[in-house]
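Subject: Handover of a structure, with notes

Dear colleague,

I am passing on the structure below, together with some notes for someone who has not looked at it before. Please read them with the structure open beside you.

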Amino acid sequence: HTPMGAMDAHTAANSGNRFCVKPLPPATKCDIQLNDTVLDHGVLTPNASSTASVSGVIECGQKPVVEFVGGADFMVAPGVNASLNANVETASNKIIVNSRLTTANASGGDYSVSKVITVSPW
């Protein structure tokens, strides 16, 4: 017997995922609050690197999963590349978001980019 009614094993086995039921996610509230929302790398020369970080509080179950929409590595501008990572200390609900910016023959200019961080329970 299934949520879709009674069926034999042969029908269920040959129906692909048509009769699969995905469980609902747990009723866990996920929230992230960063002390600052800007990772400022300041002024860099055409061939340099810089790191910056922001910290905050994360609440999302016992093992929160932090992801960066579009990926953690990305190009800010030609010759300007960035990489993000997040360190979560579940015992203290602390999160640190780190950014590394590198320039390689980059042209002068004022560059900025926005990224979206998602948090979900494991």
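The notes that follow go from the chain as a whole to the sheet, the pocket and a few single residues.

Please keep in mind throughout that this is a predicted model. The protein chain holds 1 helix and 7 strands, and from the N terminus on its elements follow the order α-β-β-β-β-β-β-β. Of its 122 residues, 20% count as buried. Among the contacts between residues at least 6 apart in sequence, 64% join residues that are at least 24 apart.

Five of the strands, in the order β1-β2-β6-β5-β4, make up an open sheet, and their pairing is antiparallel. Because β1 (31-34) and β4 (73-77) stand at the edges and have a single partner strand each, one side of each is left without a neighbour in the sheet. On average, and with direction ignored, neighbouring strands of this sheet are turned by 30° against each other.

If residues up to four places away in sequence are not counted, K94 touches S55, G56, I58, N87, V88 and E89. With a relative accessible area of 35%, K94 is partly exposed, because that value falls between the 20% under which a residue is buried and the 50% over which a residue is exposed.

Next comes the largest pocket, which has a volume of about 820 Å³. Its lining is made up of 34 residues, and those that lie nearest its centre are L39, H41, Y111, S112 and V113. Two or more residues of this lining come from each of the elements β4, β5 (80-89) and β6 (94-103), and β6 gives the most, with 4 residues. By residue type, the lining divides into 19 nonpolar, 11 polar and 4 charged residues.

Leaving aside neighbours within four places in sequence, L39 is in contact with A52, S53, V54, L84, V97 and S99. The C-alpha atoms of L39 and V54, which are 15 residues apart along the chain, are separated by 6.8 Å.

Finally, which backbone angle of N93 and N105 has a positive value in a residue that is not a glycine? The angle is phi, which is near 55° in N93 and about 55° in N105. N93 is found in the loop between β5 and β6, whereas N105 lies in the loop between β6 and β7 (117-120). As for accessibility, N93 is partly exposed, with a relative accessible area of 32%, while N105, at 64% relative accessibility, counts as exposed.

With kind regards

Technical notes. Residues are numbered from 1 along each chain as its sequence is written. This is a predicted model: local features need pLDDT of at least 70, side-chain atom pairs count only at pLDDT 80 or more; totals for chains, interfaces and linings use all residues. Side-chain values use heavy atoms; hydrogens and water are left out. Two strands pair if DSSP finds at least two bridges between them. Axes are lines fitted to C-alpha atoms, for helices over the stretch in contact, and angles run from 0 to 180 degrees between N-to-C directions. On a 1 Å grid over the protein atoms alone, a cavity is a set of points where a 1.4 Å probe fits but cannot get out, and a pocket is an open set with protein on both sides within 12 Å along at least five of seven lines; lining residues have an atom within 4 Å of a point. Grid points are joined across faces, edges and corners, and a volume is the space filled by probe spheres set on the points. Ala, Val, Leu, Ile, Met, Phe, Trp, Tyr, Cys and Pro count as nonpolar, Asp, Glu, Lys and Arg as charged, and the others, Gly among them, as polar. Buried means under 20% relative accessible area, exposed over 50%, partly exposed in between (1.4 Å probe, protein chains only). Contact means heavy atoms within 4.5 Å.
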